[in-house]
Amino acid sequence: MLRYSWAVVAIALSAGCDQLQCLLRPASFQLQVVPAEIVDAIPNQRCVLLVTVQERGEAAGIVTPVQINATAPGATVLVENPTLRSGGVAEVTVIPQPLKNADVQAGGGIGEGGDDAGRTVTVTITGTRCGVTETATVLITVTSEEEDLVGPAAAEMRDLFIPWLAENQPALGITAETQWTATIVSPHILVVTHYLFLSDEWEMHVYWHVMIPPYDWARIELRQRFEETEYSRAFEIPSVSAAAPLQAQAIEPEQTLWR
């Protein structure tokens with residue numbers, strides 16, 4: 001038996017460290033996904049889900065990564081940082097297709113009230129390691145079939161912060177040359193409008209108070225992608241109609257991850 005055990009170890013060593021870890025440690029883990037659901041979305045919105053791995057029992061300290069995959073009928077799915085190790089963050093981006101293009105599944109289609117009655121996109125996220133697979137499910141409610149008309153205004157609000165960040169927070173690496181991917185979030189929130197911008201390194205949550213001066217504040221929150229699941233930095237312009245140049249100030253981030 002001892003000779004056989006050493007033979008197994010020798011084979012594992014020749015195959016690589018990950019296989020050896022699978023032999024020597026239990027691979028039990030749990031997927032954690034935030035947010036647990038998205039209750040207000042529209043077609044073509046980028047619904048960004050953050051996935052982390054929590055080790056169970058003796059699996060703590062295991063170096064073999066978990067491979068993340070995801071599916072969502074009726075939506076386009078993108079998985080970034082899919083080879084996930086403990087402490088890292090994978091991003092699953094789900095983009096609901098417009099209803100005319102969506103593959104509407106039984107029980108997840110349009111409601112009885114017509115296009116604006118809402119429909120559900122079911123996201124299935126799987127993590128696999130050493131033959132062990134765990135699954136998490138997230139429901140995204142597409143509340144209406146309208147288009148996003150907020151993008152230009154959101155980009156203007158974002159750009160109010162860029163010169164100040166470049167001068168006063170150079171360590172962030174956010175400048176006028178930074179490239180962003182944009183998406184609306186929580187499209188039916190009134191009074192305060194919310195939008196997300198994603199660069200290679202940062203998620204920027206831009207939100208602003210749709211009010212007259214001097215109550216027309218704008219704020220941003222920043223999350224370091226693939227490392228953080230919460231916003232760690234935040235800044236505010238007290239009034240966007242104030243005289244130029246506009247000055248921002250550091251504030252505490254909120255505890256809400258806007259999606």
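Which strands does helix α3 (residues 151-168) lie across? I looked this up before anything else.

**Ground rules.** I'm working on a predicted model, so I kept to its cut-offs: local features need pLDDT of at least 70, side-chain atom pairs count only at pLDDT 80 or more, and totals for chains, interfaces and linings use all residues. Residues are numbered from 1 along each chain as its sequence is written, and side-chain values use heavy atoms, with hydrogens and water left out.

**Helix α3.** I found α3 lying across β11, β12 (202-209), β13 (218-224), β14 (233-237) and β15, and running at about 110° to β12. Contact here means heavy atoms within 4.5 Å. Helices (H or I, at least four residues) and strands (E, at least two) are DSSP runs, numbered from the N terminus. Axes are lines fitted to C-alpha atoms, for helices over the stretch in contact; angles run from 0 to 180 degrees between N-to-C directions.

**Six-stranded sheet.** I traced an open, antiparallel sheet in the order β10-β11-β12-β13-β14-β15. Its edges are β10 (181-184) and β15 (249-251), each pairing on one side only. Neighbouring strands are turned by 25° against each other on average, direction ignored. Pairing requires at least two DSSP bridges between two strands. I noted four bridges from β10 to antiparallel β11 (residues 192-198), and Ala-182 stands opposite Phe-197 in β11.

**Four-stranded sheet.** I also followed an open sheet ordered β1-β3-β7-β5, with antiparallel pairing. Inside, β3 (residues 47-55) and β7 (residues 90-96) pair antiparallel over five bridges. I checked Leu-49 too: its bridge partner in β7 is Val-92.
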